[in-house]
Amino acid sequence: MASPNALVLWEAQFGDFHNTAQCIIDQFISTGQAKWVRHNGIVLLLPHGMEGMGPEHSSARPERFLQMSNDDSDAYPAFTKDFEVSQLYDCNWIVVNCSTPANYFHVLRRQILLPFRKPLIIFTPKSLLRHPEAKSSFDQMVSGTSFQRVIPEDGVAARAPEQVRRLIFCTGKVYYDLVKERSSQGLEEKVAITRLEQISPFPFDLIKQEAEKYPCAELAWCQEEHKNMGYYDYISPRFMTILRRTRPIWYMAGLLPAPCLCPSQGPCHQNWPLPFPGLHLETKELAP
């Protein structure tokens, strides 16, 4: 607040630890503009992801930040020329989970170049720092490139969208697990995978375009978190709104509701079954 023109980043060792700052988050970061009439451009870097580190080192609790986001899940938006910027101007904060170095670079760059200030919450899986597929070329960071709120499918499925039978939406590092599983099952032509890089404000316009591109596909949401955690409760009603309740967005059967994200330390966690068995087209393990 004291230095609105500076890019100020606060990083937790693990995202779970932000709960010790919950009072500040509730009183000043989430509500700063509405309650105190103060612009705040702080960036919270919160390591988040089920990576075998145990129950206190796995979740930045994205569901809490999304619950406090002020966008209306039931309001069908008007898509104006400046829709993207208008969303950012009207929101109380921005929530992202970047899956590529280029998008991480661009979201920080956008944060300081915006003509106004909003808090930015970034969920940052530590494993992507060393993941061989989580890479970007410098061509994706040169003049003329920008932050991608949604990264659409760009593989074989995108070239024949009418043949796609399942369109999976996800965010963060689970994308790379899905791509690997899809390849092992030989489903590149039948399953498309789209990434939500900016979760809030919700990219209604781009989600609408992506869903309409695959008219014959059933829509599914995949996450590594338990069903009562993560993003599903936030994205589900917004999908219903933008699609005018004509197509459901299914939850890919994985981790059921639970009070604790991770049951134990490394070995036990790593032996868990994959959280997305519904990827196989012959399974019916999808839940509303």
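Contact, in this talk, means heavy atoms within 4.5 Å. With that definition, take the contacts in the protein chain between residues at least 6 apart in sequence: 83% of them join residues at least 24 apart.

A word on the source. This is a predicted model, in which local features need pLDDT of at least 70 and side-chain atom pairs count only at pLDDT 80 or more, while totals for chains, interfaces and linings use all residues. Residues are numbered from 1 along each chain as its sequence is written, and side-chain values use heavy atoms, with hydrogens and water left out.

The overall picture comes next. The protein chain has 10 helices and 11 strands; these are DSSP runs numbered from the N terminus, helices being H or I with at least four residues and strands being E with at least two. Of its 288 residues, 52% count as buried. Buried means under 20% relative accessible area, exposed means over 50%, and partly exposed is in between, with a 1.4 Å probe and protein chains only. The chain exposes about 13700 Å², and carbon and sulfur atoms supply 55% of that. Such areas come from the Shrake-Rupley method with a 1.4 Å probe, and for residues only the protein chains shown count as cover.

Now the interior. A nonpolar core is a set of buried Ala, Val, Leu, Ile, Met, Phe, Trp, Tyr and Cys residues joined through side-chain atoms within 4.5 Å. The largest one here has 41 residues, and F65, F169 and I235 touch the most other members. Helix α9, residues 232-242, gives the most to this core, with 6 residues. Leaving aside residues up to four places away in sequence, F65 touches H18, I25, L44, L46, A60, W93, V95, I121 and F123.

On to the strands. Two strands pair if DSSP finds at least two bridges between them. W221 has Y251 in β10 as its bridge partner.

How are β9, α9 and β10 arranged? They make a right-handed β-α-β unit. Right-handed means that, with the strands pointing away from the viewer, the path from the first strand over the helix to the second runs clockwise.

Next, N97, in the loop between β3 (94-96) and α5 (101-113). Is N97 buried or exposed? N97 is buried, because its relative accessible area is 2%. Its side chain and that of Y231 are joined by a polar contact of 3.1 Å. A polar contact is a pair of N or O atoms within 3.5 Å; within protein, one must be able to donate a hydrogen and the other to accept it, and residues adjacent in sequence count only if both atoms are side-chain atoms. Beyond four places in sequence, the residues that N97 touches include F123, P125, T171 and L196.

Last, some backbone details. Most residues other than glycine have a negative phi, and most peptide bonds are trans. A cis peptide bond joins S200 and P201, with omega about 0°. P201 lies in the loop between β8 (198-200) and α8 (204-213). V37 has a positive phi, near 55°, and lies in the loop between α2 (32-36) and β2 (43-46). R245 has a positive phi as well, near 60°, and its place is in the loop between α9 and β10. V37 is exposed, at 63% relative accessible area, and R245 counts as exposed at 58%.
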